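Please open the structure in your viewer and prepare to select residues by number.

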Amino acid sequence: MMSPLTEHRVTEIRMVRPGDRYPRTIGRNARLGSHGDGGRVTAVCLATDGGARGWGVALGGADGVEAAARSLTGRAVADLFDPAVGVTDPAALPLDLALHDLAGHLLGRPVYELLGAAGPRPVPCYDAAIYFDDLDPDDAPRGVEAVLANCRDDERAGHRAFKLKIGRGHRWMSPGDGLRRDVEVTRAVRAQHPGARILVDANDGYSPDGLRAYLEAVADCGLYWIEEPFPENRADLSRLRAELARLGSTALVADGEHEPDVPLLLDLAAEGLVDVLLMDVVSFGFTAWRALWPRVRSLGVQISPHAWGQPLKTRYAAHLAAGLGGVPIVEGVPGQTDGVDASGYRLEDGALHLPGTPGFGMPLPVTDASTEPVEGATR
Ligand SMILES: [Mg+2]
């Protein structure tokens, strides 16, 4: 049977680089300095000879888009993409998200439906923008109140779950002072938001002993999840599991964001040492997640693709969540991307509502000075 994917050829592969903006400057975490107030997104726009369009953040940045434009222009969509699988030609992986969007438009369905619509809608979403703002500015640090103010602002924006960065003692304070401040912040957020889910993320910045002291000191805070406490390894994760049991904690252990060793992570998950896998929604990608999903599901493990950095990535992660299922909550990056109409998405009472319109339901970025055409990309 002829499908629109067979009939349409990709005639244009064009790069756009819109800026995005957070609602406030985002401070440090355990490893990195200030995250600033936004950046530039490398995205790719596709058009077909039948007048269909799709776009998405590019895997592999500008180089990936340029290589794809050189080798793939003129190919039938069905040569590059199968709605049941994702990208089928490895050369088209930089277009992973753009092809999912394009296929959604060609088939008249939102991406989460292409993925099976197996997850809940709206999609539970947590606030991932609670960094070490207590430490800034350097010459007059604002202290714990700065973090509490961020939580209040984000609660007004619809959040009901907060992920607190911890690990101040890794780089910015002495280990003892850092531990004390991490505990103080966690307890203060719990006191201000008694009903909220609290997640914590150390960006691998704790020692196993330091983390044990932290967990002991916040044992009555009911942590929902612990992310990247230290570089993942079997011995330390086994001890963490025993410690959580001793404390009566039900916290989920989440890992696999930073330089993931996927076979090792699957082994750790199979052994019950990691509960939630975090590989990035863009750099790991939709097609890789879809391929891995049956194995992950058979292990009884959950996933939550890493989304930090770009508001667009939260919306992609939400489609994976609503499509595949098995995602307890997605990472919420606040903000806007220039020229992108995301008004179909709405955060309310801790959950992200997705538009039911085709593809990712976000009209194309406007063509303006931010557009950088790729040489020879139109045929
Ligand atoms: Mg993280």
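**Stop one: the largest pocket**

The lining of the largest pocket comprises 10 nonpolar, six polar and five charged residues (Ala, Val, Leu, Ile, Met, Phe, Trp, Tyr, Cys and Pro count as nonpolar, Asp, Glu, Lys and Arg as charged, and the others, Gly among them, as polar). The model is predicted: local features need pLDDT of at least 70, side-chain atom pairs count only at pLDDT 80 or more, and totals for chains, interfaces and linings use all residues. Residues are numbered from 1 along each chain as its sequence is written, and side-chain values use heavy atoms, with hydrogens and water left out.

On a 1 Å grid over the protein atoms alone, a pocket is an open set of points with protein on both sides within 12 Å along at least five of seven lines, whereas in a cavity a 1.4 Å probe fits but cannot get out; lining residues have an atom within 4 Å of a point. The largest pocket holds about 420 Å³ of space. Select Arg315, Val333, Pro334, Gly335 and Leu347, the closest to its centre of the 21 lining residues.

**Stop two: the second largest pocket**

Next, select Asn29, Leu32, Asn203, Glu257 and His258, which lie nearest the centre of this pocket among its 14 lining residues. Its volume is about 240 Å³. Where does the second largest pocket lie? Domain 1 (4-109 + 365-372) and domain 2 (123-353) both give residues to its lining, so it lies between them; the domain bounds come from an automatic or database domain assignment.

**Stop three: the largest cavity**

Finally, select Pro208, Leu211, Arg212, Leu215, Phe230, Asp236, Arg239, Leu240 and Glu243, which line the largest cavity. About 50 Å³ of space lies there.

Definitions and conventions
Points joined across faces, edges and corners; volume = space filled by probe spheres on them.
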